[in-house]
Amino acid sequence: QVQLVESGGGAVQAGGSLRLSCAATGDLDTISVMGWYRQFPRKARELVARVKKGDLREYSDAVKGRFTISRDNAENVLYLDMTDLSPEDTAVYYCNAGIPKYSGTYYYWGKGIQVTVSS
């Protein structure tokens, strides 16, 4: 069982920066992948960035070059550093963790945090 709590969201002006944090508790040693997703109004949740074991990081084309994902295993925190923000980045952002099980990978989610970028 894994619990995820996001923090660091809020409102920012276009061109500004924010750092999102995700504090993970529970059976942390079993986590194989963690990531950030976002959901626009009336749209499906989509991948923003994720990091796998071996520090393999992946980004969506929309955020590549502007966002940086990192994971601090010692502190059990996942970060998303967002720069050069645009109103198009306004969404609810979710932290995600994947855990391998006997029959596949199970995914846990935070409750989400709002990011609003104003122009």
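Contact here means heavy atoms within 4.5 Å.

## The model

This is a predicted model, in which local features need pLDDT of at least 70, side-chain atom pairs count only at pLDDT 80 or more, and totals for chains, interfaces and linings use all residues. Residues are numbered from 1 along each chain as its sequence is written, and side-chain values use heavy atoms, with hydrogens and water left out.

## The nonpolar core

A nonpolar core is a set of buried Ala, Val, Leu, Ile, Met, Phe, Trp, Tyr and Cys residues joined through side-chain atoms within 4.5 Å. Buried means under 20% relative accessible area, found with a 1.4 Å probe on protein chains only. The largest such core has 30 residues, and M34, W36, L80, M82 and Y93 touch the most other members. Strand 9 (91-101) is among the strands that each supply at least two residues; strand 9 gives the most, with 5 residues. Strands are DSSP runs of E, at least two residues long, numbered from the N terminus.

Leaving aside neighbours within four places in sequence, M82 is in contact with G16, S17, L18, L20, R66, F67, Y93 and V115.

## R66

R66 lies in the loop between strand 6 (56-59) and strand 7 (67-72). R66 is buried, with a relative accessible area of 17%. Beyond its neighbours within four places in sequence, R66 is in contact with residues including M82, L85 and D89.

The side chains of R66 and D89 are joined by a polar contact of 2.9 Å. A polar contact is a pair of N or O atoms within 3.5 Å; within protein, one must be able to donate a hydrogen and the other to accept it, and residues adjacent in sequence count only if both atoms are side-chain atoms.

Definitions and conventions
Helix = DSSP H or I, 4+ residues; strand = E, 2+ residues; numbered from the N terminus. Buried < 20%, exposed > 50% of the residue type's maximum accessible area, 1.4 Å probe, protein only.
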